[in-house]
Amino acid sequence: MNYIRRMQPLLGTFVEVGVAEGPAAGSSIDSAFAAVAEVHRLMSYQDPDSDLSRLNRGDGRPVPLRKLTVNVLRLARALMQASGGRFNCTVGGALERLGALPTPAAAARLDHGDADDIVIVDSCRVRLRRPVHITLDGIAKGFAVDRAVAALAARGANSGWVNAGGDLRVFGSVALPLSLREPGGFRTVGRLANRAAATSVTSGRPQPGFPGRIVSTTGTGVSRGSWTVLARHAWRADALTKVAALLPDAQRAASIRRLGGTLLEAGSTAQ
Amino acid sequence: MDDAGYRAWIGLPLAAIVAPAHAADYMTPEQAAALFFPQADTQVPLLLKLSKEQRNAIKALSGVRQRDKTQSVWRAEAGGELLGWTVVDDVIGKHEYITYAAAISPGGRVLGIEILSYRETHGGEIRQASWREHFVGKTLQNPFKLDVDIPNISGATLSCRNVTDGVKRLLALQRVALSP
């Protein structure tokens with residue numbers, strides 16, 4: 001089967017969408033890119049008009065949000081609880097102070113909080129219990145990939161993939177060869193079918209021009225390495241790569257499994 | 001929480017997953033022009049020649065140097081009326097060579113961007129930013145600095161920055177050399 005592929009610059013990376021050739025392929029790819037752009041608009045830390053920015057300056061009051069944003073916050077909150085705080089999307093204040101995120105008009109008063117700080121009032125309103133700033137960097141790119149896949153399916157695409165700079169999800173009958181970039185080149189680890197995969201790499205020193213960071217709020221350090229996680233949904237794979245970086249070596253694989261992912265370890269294969 | 005409680009390490013969400021290859025051709029300039037302007041009945045290819053004065057004006061408007069003396073442009077028309085232009089451009093990042101097309105309206109707005117081909121020039125790590133504002137609707141009036149209105153949460157990659165600069169330059173080129 002032939003696949004139509006397109007790529008656009010979105011989410012600060014290059015997003016590729018591929019679908020099986022057919023009369024609706026073009027319009028389904030359009031809707032997939034539109035879905036990614038929508039997630040970006042709603043969950044951008046920098047855009048003062050995004051849902052996320054309005055929540056962050058909500059001053060503890062319930063803030064009306066799009067259901068999509070509430071859904072992401074619900075997922076993030078649940079994963080914060082399940083991971084014992086290793087996944088934590090309330091670290092906006094800490095990242096502002098480190099210079100890894102721009103400080104909005106008013107800086108967060110707390111470096112970070114916990115799951116209880118995100119109060120889901122109802123399906124379209126959320127309030128922050130304490131003055132923390134939420135950042136959805138660790139989950140929204142994967143979530144955008146999931147939305148794009150849903151948009152493709154809604155337009156009748158029965159097979160394809162979305163790859164947002166390494167947050168990848170494959171659906172239908174296609175099985176994509178999965179290669180991991182490692183020091184010295186690429187290593188093929190298998191084929192990915194009807195699953196998502198994400199990778200984060202952590203290194204020990206700040207990189208000029210790349211202030212992105214994973215911060216620990218649980219007292220443990222961040223392990224250096226390349227963390228690849230497979231899961232059914234891209235949001236989970238995305239978020240679990242951050243959890244993997246914060247887990248002790250001995251617990252990593254088992255904990256990721258308990259949280260619904262599969263850690264792809266050095267030398268292991270995807271299937 | 002004291003600062004020492006944070007062991008701040010760098011997290012680089014890399015394009016470490018590559019599927020299926022690290023070089024790809026997505027579409028031709030003609031296909032991009034047809035995609036951007038589906039209502040067009042005519043697409044006129046032009047090789048725009050830029051004088052030294054025009055290139056200086058582009059630099060002055062955009063802050064980005066116009067290196068090439070020519071630029072490939074497709075002029076989209078419907079019933080003799082101008083719909084806009086598709087401009088094809090290359091960006092050379094530290095690790096990538098990217099050809100992209102931008103659609104620009106007669107009023108100088110970005111209508112869309114498609115990557116035409118994406119090549120990694122060598123096997124180094126590509127660092128990916130987590131977020132960046134997409135370009136649709138941008139005009140020269142918007143401050144087009146990466147760290148001003150194009151969000152740059154995790155630091156843009158060289159190639160992201162190059163695409164940003166490229167689009168900014170093309171908007172200036174439209175004003176200098178394509179305005180009706």
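Guide: Here is a tour of the helices, followed by some loop residues.

This is a predicted model, in which local features need pLDDT of at least 70 and side-chain atom pairs count only at pLDDT 80 or more, while totals for chains, interfaces and linings use all residues. Residues are numbered from 1 along each chain as its sequence is written, and chains are lettered from A and ligands numbered from 1 in the order in which they are written.

Two packed helices are described by the angle between their axes and the distance between the axes. The axes of α1(A) and α5(A) come within 8 Å and cross at roughly 150 degrees, with axes being lines fitted to C-alpha atoms over the stretch in contact and angles running from 0 to 180 degrees between N-to-C directions. The two helices are therefore roughly antiparallel, a term for angles over 145 degrees. Residues of α1(A), including Ala32(A), Val36(A) and Val39(A), meet residues of α5(A), among them Phe143(A), Ala144(A) and Ala148(A); contact means C-beta atoms, placed from the backbone, within 7 Å. The residues of this contact divide into 11 nonpolar, 3 polar and 1 charged (Ala, Val, Leu, Ile, Met, Phe, Trp, Tyr, Cys and Pro are nonpolar, Asp, Glu, Lys and Arg charged, the others, Gly among them, polar).

Next comes α3(A), residues 67–82, whose 16 residues reach 22 Å from first C-alpha to last, close to the 22 Å expected (1.5 Å times one less than the number of residues). Its buried residues include Val72(A), Leu75(A), Ala76(A) and Leu79(A); buried means 20 or more other C-beta atoms within 10 Å, exposed 12 or fewer, and partly exposed in between, with C-beta atoms placed from the backbone. Their cover includes α1, α5 and α6 of chain A. After α3(A) comes Gly84(A), with a positive phi near 60 degrees.

Now the loops. Most residues other than glycine have a negative phi. Asp59(A), however, has a positive phi near 60 degrees; this residue lies in the loop between α2 and β3 of chain A and counts as exposed, with 10 C-beta neighbours inside 10 Å. Asn194(A) also has a positive phi, near 50 degrees, and sits between β9 and β10 of chain A, partly exposed with 13 other C-beta atoms within 10 Å.

Key
Helix = DSSP H or I, 4+ residues; strand = E, 2+ residues; numbered from the N terminus. Contact = placed C-beta atoms within 7 Å. Parallel < 35°, antiparallel > 145°, perpendicular 65-115°, else oblique.
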